[in-house]
Amino acid sequence: MPRIDVTFTAGAIAPAARRELAPQIAEAMLRWEGAPDVPFFRTIALVHFHELAEGGAYTADGPAEQSQFIVDVTVPVGALSERRRAGLIDEFTSLVRDAAGLPEDDALRVWVIVHEVPDGFWGAAGNIVRFEQLRAAADAERAQAGSATI
């Protein structure tokens, strides 16, 4: 049940690149979480793009002269081990860098911040959603497909 917000400076990611980037990020998120790639989990892997208005990004020196990218990833506590978190950060950085047409040596302009929501503080459909409920749903989907559990 991840939520991914990609914020970037005006014009830094073209609309066509966003259409390609959204499913790439969502699929990578599911893979790093260890969630099955099935319709239910695909529909709750949310990607939101936030393009800042011209002049909407600053540094300590004034208006930002180069494009900036911040990827905020929100997941339930326990969804990502440190190894999975590191892999996700590396892959998201590459995906955003590629979508924006940045060279490899310019990856420092892409920040990925992982926010972990404590159990009992995530809700959907008017109810608290617990991580164990999501894990059980993933295990049930895997059992139905004949895959291994997390």
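**The nonpolar core**

In this predicted model, the largest nonpolar core has 38 residues, and those touching the most other members are I4, I25, M29, F69, V71, V73 and F92. Such a core is a set of buried Ala, Val, Leu, Ile, Met, Phe, Trp, Tyr and Cys residues joined through side-chain atoms within 4.5 Å; buried means under 20% relative accessible area and exposed over 50%, with partly exposed in between (1.4 Å probe, protein chains only). At least two residues of the core come from each of β1, α1, β5, α3, β6 and α4 (131-145). Helix α1 gives the most, with seven residues. In soluble globular proteins, nonpolar side chains tend to be buried together.

V73 is in contact (heavy atoms within 4.5 Å) with R3, I4, M29, L88, F92, V112, I113, V114 and H115, leaving aside residues up to four places away in sequence.

**Helix α1**

Helices (H or I, at least four residues) and strands (E, at least two) are DSSP runs, numbered from the N terminus.

The buried residues of α1, among them R18, L21 and E33, pack against β1 (3-8), α2 (39-43), β2 (46-51), β5 (69-76) and α3 (82-100). Just after the helix, G34 takes a positive phi of about 80 degrees.

**An exposed loop residue**

E104 lies in the loop between α3 and β6 (110-117) and is exposed, with a relative accessible area of 67%.

**Basis of the values**

Residues are numbered from 1 along each chain as its sequence is written, and side-chain values use heavy atoms, without hydrogens and water. Local features need pLDDT of at least 70 and side-chain atom pairs count only at pLDDT 80 or more, whereas totals for chains, interfaces and linings use all residues.
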